[in-house]
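Subject: Structure handover

Hello,

Here is the structure we talked about. Please look it over first; my notes follow below.

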Amino acid sequence: MKNRITDLFRSKKGEVLSVFYTAGFPSLNDTVPIALNLEKAGADIIEIGIPFSDPVADGPTIQQSNKTALDNGMNLRLLIEQVKEIRKQAKVPIILMGYLNPVMQYGVKEFVKDAALAGVDGLIIPDMPLYEYEEQYKDLFRAANLCNTFLISPTTSEDRIRRIDAVSDGFIYAVSASSTTGAKGDFTSEQVDYFRRLQGMQLNNPFLIGFGISDRSTFSKASTYGAGAIVGSAFINLLKESKDQKKDIEVFVKNLKGN
Amino acid sequence: MNYTVDARGYYGKFGGAYIPEMLYPNVEELRNNYLRIIQGEEFQKEFHGLLKDYVGRPTPLYYAKRLSEKYKAQIYLKREDLCHTGAHKVNNTIGQILLAKQLGKQKIIAETGAGQHGVATATVCALMGMECVVYMGKVDMERQRPNVERMRILGATVVPAVSGNMTLKDATNEAMRHWINHPTDTHYIIGSVVGPHPYPDMVARFQSVISDEIKKQLTEAQGNPFPDYVFACVGGGSNAAGAFYHFLEDEHVNLVAVEAAGKGVDSGESAATTALGKPGVLHGSKTLLMQTDDGQVIEPYSISAGLDYPGIGPIHAHLFDVGRVKFVSATDDEAMNAGIALSRLEGIIPAIESAHAVAVLSQFEFDADDVVIINLSGRGDKDLETYIRWGKY
């Protein structure tokens, strides 16, 4: 079966740009126009965050966007409707990323089905245990033609990376440092060693580097090791300040891609 | 029925380790080593040595004569309030800091709500000469100022958690974020039977000294180790886990967990998790959780800062699920009245958390010879402000 994420990685080699933002932020109805503007500006993947009250893996920027989105009345059912709107007009791969609890309350089975029908191509649920996915959900995801992306970090063992690679579809999310989300400046030599190690492992799946990717310099460096990179907090900061989202998103994506 | 944790960290359908990959190595290191270390002879010797000489264990099992007369039963108080630092929390922090040393960690982090676990952690860090950072909700820091200063006197750095509602849940989030950012040199001492496996099992084992002592002390008092009832309050549930632990297989012993009903279970201001919660995932484990239909965690309420946690430990969710433990609740008013009553009847001012366990006695019909244990988890010194504001004494 065709999936927009696997198609993308088949056709585009290098500098794949995935942009993350929180659904319902800064305003409840911004989810759709932000996605459309991102596609127009040239983002390769749109990653939409499902807001949660207790985002333990996130730094202050994304925590705050989660809180704002929840205060705005954002929820998972509304997000599915918003994705349907986006999908009417956009061809770009769409990933939903969020903590397990809201998905669990929706019902994992129902959610996988509804997300796929709405036009979602992949999910990232960072606190879903690998064994639970393997035993309970893998077949479900595959039947719905949804990619599932796992995170790995600099402290993930080689054995575990191989096991994650074996059950992943689409790509692997390589967290750049042992940290929560948010910018930290340039990569250290330890980080570069880790990227090289991943590069040398000849994994089945391409990997995108995320956490701490904030500008052209970090994006292009990350892209020399991985298939591309994911930008989150830096984009949320832009949205927080933006008076003209369409224009600002265009400039932001252009700057990242270096054109 | 099996009440212990399985190899993957589940109690029935609750427990597990629901953590982002960045925490996986930290948790895996603990999981691979905790049993080997804490079951080691040297560890046990040092742990029990400190419990005896530093904490003051065994704590008395005191026959409460006037309380017994009032409720027409044979009531004993397990005096965890007499532990050094004023509550049972130190049993766990002693165990975990010895484990952290064995793992070669140099720094300790902890979360705290009312400050009791923070103080117990700061205390053992001073004892072991280790650096200590305690996360505490900004709102709780204002409510519990004396405990903030106790931690600072002991040399700990207290960091205000300013996310969310700025209470225990948010302090736990911040401590987890700190651990993600400092994965190699830092051990996170969780204060209750919550968190990803192996924390619930590890904390329950350290606290199980409570029921181990009760059995020995009852044998001495009455010739056999079995009470008819054990009562304990439950926030996350560490004192209850400790008080129930060695009785779980003794099915004829009635175990009663007391949750905080706040202003009433259905008032919208409550922390009665089993009455109001649904299965969910928070802070690394699957358990019963107070949450909206959309899966957002609800901020609980109780007059007692040690009970206002939106979940309960997965062991308790399981014990509730299979019916091994009866869950009841006491309101703010009932707990405060029970605290005053215990002060007047026995000369013991209990922590408001522990007063919840006393408050539900009137909901039970005891036989005159029923042996009833109340785990008096902490003393009321820290709650003096709340008693004064309550005023009805």
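A:Leu79 is buried, because its relative accessible area is 0% (buried means under 20%, exposed over 50%, partly exposed in between; 1.4 Å probe, protein chains only). The residue sits in helix α4 of chain A, residues 76-89 (helices are DSSP runs of H or I, at least four residues; strands are E runs of at least two; both are numbered from the N terminus). Leaving aside residues up to four places away in sequence, A:Leu79 touches A:Ala23, A:Thr31, A:Ile48, A:Ile50, A:Met74 and A:Leu96 (contact means heavy atoms within 4.5 Å).

Two notes on reading this. The model is predicted: local features need pLDDT of at least 70, side-chain atom pairs count only at pLDDT 80 or more, and totals for chains, interfaces and linings use all residues. Residues are numbered from 1 along each chain as its sequence is written, chains are lettered from A and ligands numbered from 1 in the order in which they are written, and side-chain values use heavy atoms, without hydrogens and water.

Salt bridges next. The whole structure has 44 of them over all chains (a side-chain nitrogen of Lys or Arg within 4 Å of a carboxyl oxygen of Asp or Glu).

- Helix α4 of chain A holds both A:Lys88 and A:Glu85, three residues apart, about one turn of the helix. Their side chains form a salt bridge at 2.8 Å, N to O. A:Lys88 is exposed at 63% relative accessibility; A:Glu85 is partly exposed at 34%.
- B:Arg79 and B:Asp81 pair at 2.8 Å, N to O. Both are buried.
- B:Asp185 and B:Lys107 pair at 3.5 Å, N to O. B:Asp185 lies in the loop between α8 (168-181) and β8 (186-189) of chain B and B:Lys107 in strand β5 (residues 107-112), so the pair ties together parts 78 residues apart in sequence. B:Lys107 is partly exposed, at 30%.
- B:Arg57, B:Lys78, B:Glu80 and B:Glu213 are linked in a salt-bridge network.

Now the domains. Chain B splits into domain 1 (10-50 + 89-203) and domain 2 (56-87 + 208-390); the bounds come from an automatic or database domain assignment. Their centres, taken over C-alpha atoms, are 22 Å apart.

Helix α16 of chain B (residues 384-390) contains B:Ile388. This residue is partly exposed, at 47% relative accessibility.

Best regards
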